[in-house]
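Please keep the viewer at hand as we go.

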Amino acid sequence: MEPASKKSKMSKNVKFNNNKKKYFHARRELLQPGQRGFFATCNINEKACVRECYNLLNHYADILYGSEKPENEPEKEQPEEGAAGDAGEDVPKPAAGGTSDDDDDLEAAAAKCREMLSHRKMRFQNVDTKTTNCVFIRTELEDPVALGKHIINDIATTGKSMSRFVLRLVPIEAVCRANMTDIITAAGYLFDKHFLKEPTSYSIIFNHRYNQQIKRDEIITQLAELVNSKNVGNKVDLKKAKKSIIVEVLRGSCLLSVIDNYLECKKFNLAELANPSDKKSAGEGDSKSETSEVANGNDKEQVESSEKSQSNDDENKDSTENDK
């Protein structure tokens with residue numbers, strides 16, 4: 001224990017107070033209703049998952065929509081022809097007495113830059129879900145499902161997932177609060193887009209994390225009634241549904257989306273799409289059939305050889321009897 005006199009000296013020491021480290025915790029944006037984006041699941045390493053999500057989404061978004069141009073970015077003023085800087089002449093320096101005006105201009109410019117950065121909208125932004133192994137990337141795109149389908153189709157055709165830590169990457173069209181009234185109202189607006197025109201088959205995929213208030217049977221029955229009210233011809237198909245209703249409940253938030261051919265696309269599992277198990281099973285089946293054919297051929301040869309040996313034994317017996 002240090003004496004009180006020494007503590008008072010340390011507290012009064014200016015150098016000691018200046019050397020204290022100051023830690024600033026940046027406030028992360030939380031998952032809120034009204035957002036849309038991409039829901040990703042990972043295994044333990046969330047930081048690496050976020051980094052891979054940024055790389056994937058930016059790579060394919062640049063292909064579809066072009067490179068991102070931040071809003072409210074000030075255009076660089078091009079110097080006029082014959083300016084002093086172009087001619088190589090020295091730019092006149094301000095007088096020593098005009099420092100106050102320059103400082104005011106610099107402070108005003110810095111404040112303007114800070115305001116522009118605060119109001120700047122990024123194409124993709126990580127949002128805190130407060131749920132382990134669950135990542136949500138908010139987007140300003142109007143249709144995240146189109147970008148998600150493009151990513152899945154490209155991975156399925158090329159066989160390259162470009163990710164190591166991202167397990168599933170599901171586009172989300174709507175985010176609402178995790179209660180029945182908000183879920184039904186948000187789903188009503190969403191189902192008008194997908195289930196009004198033509199009758200189709202559908203399935204409901206429900207997952208919940210850190211929330212026991214939303215019951216599986218209750219939400220499935222109410223959503224099914226809502227889909228049937230949009231069009232009587234809609235039918236449930238749990239194996240080969242053309243449209244899948246995704247319901248992900250994360251604590252106090254609910255993520256909703258309607259995706260075509262979700263089951264055929266391995267539930268948007270990037271590893272399964274890059275290395276499908278169907279090819280492995282098919283290869284194993286072919287190898288098994290080949291081995292069975294070889295085994296059958298060997299069996300036939302063994303049978304023929306045994307028949308030949310029996311016929312030779314019979315001939316030898318007949319010859320010995322004749323000699324006798």
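## The open sheet

In what order do the strands of the open sheet of four strands run? The order is S2-S3-S1-S4, and the pairing is antiparallel. Strands here are DSSP runs of E with at least two residues, helices are runs of H or I with at least four, and both are numbered from the N terminus. Two strands count as paired if DSSP finds at least two bridges between them. S2 and S4 are the edge strands, each pairing on one side only. From one strand to the next, the twist averages 25°.

Before going further, a word on the model: it is predicted, so local features need pLDDT of at least 70 and side-chain atom pairs count only at pLDDT 80 or more, while totals for chains, interfaces and linings use all residues. Residues are numbered from 1 along each chain as its sequence is written, and side-chain values use heavy atoms, with hydrogens and water left out.

S2 (124-127) and S3 (134-139) pair in the antiparallel sense over four bridges. Across this pair, Gln 125 stands opposite Arg 138 in S3, and Asn 126 stands opposite Ile 137 in S3. The two strands form a hairpin with six residues between them.

Lys 130 sits in that turn and has a positive phi of about 55°, in a residue other than glycine. Lys 130 is exposed, with a relative accessible area of 52% (exposed means over 50%, buried under 20%, and partly exposed in between, with a 1.4 Å probe and protein chains only). Another residue with phi near 55° is Tyr 210, found in the loop between strand S6 (201-209) and helix H8 (216-230). Tyr 210 is exposed too, at a relative accessible area of 51%.

## Helix H6 and its neighbours

H6 packs on the sheet and touches S1 (37-42), S2, S3 and S4, its direction making about 145° with that of S4. Contact means heavy atoms within 4.5 Å. Helix H3 (residues 46-65) also packs with H6 (residues 144-158), at an angle of about 105° and with the axes 10 Å apart. Axes are lines fitted to C-alpha atoms, for helices over the stretch in contact, and angles run from 0 to 180 degrees between N-to-C directions. H3 and H6 are therefore roughly perpendicular to each other (a term for angles of 65 to 115 degrees). On the H3 side, the contact residues include Leu 57, Tyr 60 and Leu 64; on the H6 side, they include Leu 147, His 150 and Ile 151.

Ser 161 lies in the loop between H6 and S4 (166-172). Ser 161 is buried, with a relative accessible area of 16%. Not counting residues up to four places away in sequence, Ser 161 touches Leu 56, Ile 155, Leu 270 and Ala 274.

## The whole chain and its confidence

The secondary structure comes to ten helices and nine strands. Of the 324 residues in the chain, 31% are buried. Among contacts with a separation of 6 or more, 79% join residues 24 or more positions apart.

The mean pLDDT, the predictor's confidence in each residue from 0 to 100, is 77 for the chain, and 63% of the residues reach 70 or more.

Key. Angles under 35 degrees count as roughly parallel, over 145 as roughly antiparallel, 65 to 115 as roughly perpendicular and the rest as oblique.
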